[in-house]
Structure formats: structure tokens, C-alpha cells
Amino acid sequence: MKYKGIIFDLDGVLCSTDRFHYQAWQQTAREAKAPFDETVNQRLRGVSRMESLEIILEKSPLTFTQPEKERLAEEKNERYRRLLQQMTPADMPAGVREALRALRAAGLKLAVGSSSKNAGFILKQLDAEQYFDAVCDGTRITRSKPHPEVFVKAAGMLGLPAEDCLVVEDAPAGLEAARAAGMDCAGVGDARWPFAPAYRLPDVTALPAALLGGEGARR
Ligand code: G6P
Ligand code: MG
């Protein structure tokens with residue numbers, strides 16, 4: 001086995017919070033008179049809250065001071081957290097739990113590496129904290145993906161060197177962060193990858209077979 005640890009992105013990999021982010025940002029975009037659609041939303045994947053706001057404001061005809069931007073981001077987060085309260089353990093598919101259990105049973109250490117400051121809250125809502133040896137999230141980093149900080153710190157928390165870790169990501173910014181951290185990456189979903197990830201998988205449920213043998217891997 002090439003790896004000793006796996007670092008999972010959270011949003012879009014272990015669960016789907018996209019619709020909540022989308023809904024919460026939609027109101028911000030409306031206030032800023034900025035266009036907002038799925039293409040803009042895609043660019044927010046893996047990117048921190050304030051950087052996401054800057055992306056949304058790119059097309060706004062209005063200008064905002066720094067304190068106004070902070071208020072917009074805070075209000076977005078309040079809406080987002082209200083929506084997250086609807087999440088339950090049923091929002092983490094059984095197949096994902098099975099995959100995490102299989103990887104742990106194979107002796108791998110598992111971590112979460114997410115730009116989100118809400119990662120702890122989401123893992124709690126999903127009742128998924130028990131699968132991870134470490135959680136490195138937006139509260140522990142100063143620079144978000146594509147900067148490698150979140151993955152470097154997660155590997156440190158697992159006590160592993162970069163080359164022993166595999167990152168699992170759904171976003172181009174995350175793939176770039178993994179490369180900058182010196183880690184292989186398994187890309188899940190249908191993102192437009194800027195370069196080929198080491199593994200390309202439909203979703204996390206295909207990971208045990210790809211790493212531990214069996215069907216389902218496209219290398
Ligand atoms: C994840 C999501 C991004 C989000 C970021 C910050 O990486 O993919 O879309 O902007 O987390 O989330 P937060 O919960 O801290 O606002
Ligand atoms: Mg993601």
C-alpha cells in the first residue's frame with residue numbers, strides 16, 4: 001500500500017452542502033446586485049468564505065467597504081448555519097460510511113482537510129466524528145486552498161510525511177493544494193480538473209476498491 005493516511009475534503013466529498021451554500025450566497029448576490037448562477041457557485045468550491053465573497057462581488061456594480069464585506073459574509077454564514085441545522089446522519093450516505101470503515105480497517109489513518117470553519121459542526125450533524133483521527137479545518141489555517149496549508153497541517157496532525165498521504169477532493173482548488181503539499185490526489189465527481197489527478201473516481205465509495213484492490217478504479 002502506497003499510503004498510510006487519507007485526507008478527505010468535506011464539502012462535496014463526504015457530504016453535499018452545495019445547495020445550502022448556494023441558497024445562502026444567493027441572497028448576498030441579490031443584495032450586491034451581482035449575477036449568481038451555478039458557474040459562479042462552482043468557483044466557490046474549496047475557497048474560503050471571504051474569498052468566495054470577493055468572487056461574487058467581482059460582477060457587482062456596487063462597492064463595499066471592508067466592514068460591509070465582513071457583515072455580508074457574516075450574514076451569509078448565519079443563513080448557512082440555519083440551513084445546516086437540517087442536516088442529519090442520513091445526509092452522509094451509507095456507502096460513504098462503509099468506505100471510511102473499510103479504509104480504517106485496512107490500517108489507514110483518516111483526516112478531514114477542509115477550508116470550512118463549519119466543518120466541526122457539519123461532522124457533528126452527520127455523526128461522523130468517529131471516523132477521523134484528525135480534523136484540520138478553516139479555523140486552523142490562515143490561507144485557504146489552493147494554498148497547501150490545510151493538507152500540510154492535517155498530515156502533521158496524523159504524524160505522517162506528505163508522501164504517505166492521499167488527498168480526496170472534488171474541487172480544482174483542492175487538487176492544486178494537494179500538489180503544492182506534495183501529495184497525490186483522488187479526484188471525485190465531475191469537476192474540470194486543471195491537470196490529471198492520480199485517481200479519478202465517481203465518488204468516495206469507489207476509494208477502497210481503488211486503493212485496496214478490486215474493481216472500480218480508473219488510473
Ligand atoms: C468549503 C466549501 C467552500 C466554502 C468553504 C468555507 O471549502 O467548498 O465553498 O466557501 O468551505 O466554508 P465556511 O463554512 O467556512 O463558510
Ligand atoms: Mg469540496
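Is Phe132 buried or exposed? Phe132 counts as buried, at 9% relative accessibility. The model is predicted, and the points below should be read with that in mind.

1. **Phe132 and Phe8.** The structure holds four aromatic pairs. One of them joins Phe8 to Phe132 in an edge-to-face arrangement. The ring centres lie 6.2 Å apart, with 70° between the planes. This pair links distant parts of the chain. Phe8 belongs to strand β1, residues 5–8. Phe132 sits in the loop between α6 (119–126) and β3 (134–136). The two partners are 124 residues apart.

2. **Burial of Phe8.** The relative accessible area of Phe8 is 0%, so this residue is buried.

3. **Tyr131 and Phe132.** The neighbouring ring also takes part. The centres of Tyr131 and Phe132 are 6.4 Å apart and their planes meet at 85°, so this pair is edge-to-face. The cut-offs bear this out: pairing requires centres within 6.5 Å, and edge-to-face requires planes over 60 degrees apart. Tyr131 counts as buried, with 4% relative accessibility.

4. **The cluster.** Taken together, ring pairs link Phe8, Tyr131 and Phe132 into a cluster. Phe132 pairs with Phe8 and with Tyr131.

5. **Charges over rings.** Two arginines deserve a look. The charged end of Arg19 sits over the ring of Phe20, 4.3 Å from the ring centre. Arg81 places its charged end over the ring of Phe121, with 4.2 Å to the centre.

6. **Surroundings of ligand 1.** How many residues surround ligand 1? There are 14, and the closest are Val47, Arg49, Ser116, Lys117 and Asn118. By class, the shell comprises three nonpolar, seven polar and four charged residues.

7. **Polar contacts to ligand 1.** From Val47, a backbone N or O atom lies 2.6 Å from a ligand 1 oxygen. From Ser116, a polar side-chain atom lies 2.6 Å from an oxygen atom of ligand 1. From Lys117, a polar backbone atom is 2.7 Å from a ligand 1 oxygen.

8. **Burial of ligand 1.** Taken alone, ligand 1 exposes 390 Å². The protein buries 96% of that area.

Technical notes:
Residues are numbered from 1 along each chain as its sequence is written. Chains are lettered from A and ligands numbered from 1 in the order in which they are written. This is a predicted model: local features need pLDDT of at least 70, side-chain atom pairs count only at pLDDT 80 or more; totals for chains, interfaces and linings use all residues. Side-chain values use heavy atoms; hydrogens and water are left out. Rings of Phe, Tyr and Trp (its six-membered ring) pair if their centres lie within 6.5 Å; planes under 30 degrees apart count as stacked, over 60 as edge-to-face and the rest as tilted. Helices (H or I, at least four residues) and strands (E, at least two) are DSSP runs, numbered from the N terminus. Buried means under 20% relative accessible area, exposed over 50%, partly exposed in between (1.4 Å probe, protein chains only). A charge sits over a ring if NZ of Lys or CZ of Arg is within 6 Å of the ring centre and within 35 degrees of the ring normal. A residue is near a molecule or strand if one of its heavy atoms lies within 4 Å of it. A polar contact is a pair of N or O atoms within 3.5 Å; within protein, one must be able to donate a hydrogen and the other to accept it, and residues adjacent in sequence count only if both atoms are side-chain atoms. Accessible areas come from the Shrake-Rupley method with a 1.4 Å probe; for residues, only the protein chains shown count as cover. Ala, Val, Leu, Ile, Met, Phe, Trp, Tyr, Cys and Pro count as nonpolar, Asp, Glu, Lys and Arg as charged, and the others, Gly among them, as polar.
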